[in-house]
Amino acid sequence: METPFATATRLLGALEELVTRETILIRTMDFVEAVQVREQAQPLVEKLCALAQEPAVQTLRPRIEPLLERGGQNYHFLDGQLARLQEELNRVGEARGRLRHLAPAYKTGRTSPGESRLNAAA
């Protein structure tokens with residue numbers, strides 16, 4: 001049976017790898033994969049939080065602090081990218097709405113299939 005300290009140390013090592021992977025994915029603009037890595041890390045974080053009650057595990061705090069900071073930076077960057085993409089989607093939606101209103105005006109201005117444009121102008 002593994003001690004709480006050994007379990008926390010193992011989980012912390014795995015979490016460090018996941019946060020590093022997440023950071024690399026964010027830098028390469030692979031946001032979908034970065035979010036998936038973040039989701040994979042969630043159970044590790046929950047287990048570490050449960051183990052944090054143990055006095056021996058509290059000695060790992062100096063290793064946890066940089067992870068929290070880097071994870072927070074990654075989260076804020078992803079959140080900013082999500083907000084930016086949402087704004088772009090809103091602009092595209094608005095442009096589509098304007099196009100829907102303009103399209104009927106262009107459809108009614110067409111000449112009948114038997115008429116050429118030159119004849120219509122005469």
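A pocket is an open set of grid points with protein on both sides within 12 Å along at least five of seven lines, and its lining residues have an atom within 4 Å of a point. The legends below concern a predicted model.

**Figure 1. The second largest pocket and its lining residues.** The residues that line this pocket are F31, V35, R38, Y75, L78, D79, Q81, L82 and L85. Helices α2 and α4 are the elements that each give two or more residues to this lining. The space within the second largest pocket amounts to about 180 Å³.

**Figure 2. Composition of the lining of the second largest pocket.** Helix α4 supplies the largest share of this lining, with six residues. Sorted by class, the lining holds six nonpolar residues, one polar residue and two charged residues.

**Figure 3. The largest pocket and the residues nearest its centre.** This pocket has a volume of about 540 Å³. Its lining is made up of 21 residues, and L15, V45, L48, I64 and L68 are those that lie nearest the centre.

**Figure 4. Helices that contribute to the lining of the largest pocket.** Two or more lining residues come from each of α1 (4-27), α2 (31-51), α3 (55-58) and α4 (61-108). The largest share, seven residues, is provided by α2.

**Figure 5. Residue classes in the lining of the largest pocket.** Nonpolar residues number 14 in this lining. The remainder consists of four polar and three charged residues.

Notes: Residues numbered from 1 in each chain as written. Predicted model: local features only at pLDDT ≥ 70, side-chain atom pairs only at ≥ 80, totals over all residues. Heavy atoms only, no water. 1 Å grid on protein atoms, 1.4 Å probe; cavity = no way out; pocket = protein on both sides within 12 Å on 5 of 7 lines; lining within 4 Å. Points joined across faces, edges and corners; volume = space filled by probe spheres on them. Helix = DSSP H or I, 4+ residues; strand = E, 2+ residues; numbered from the N terminus. Nonpolar A, V, L, I, M, F, W, Y, C, P; charged D, E, K, R; others polar.
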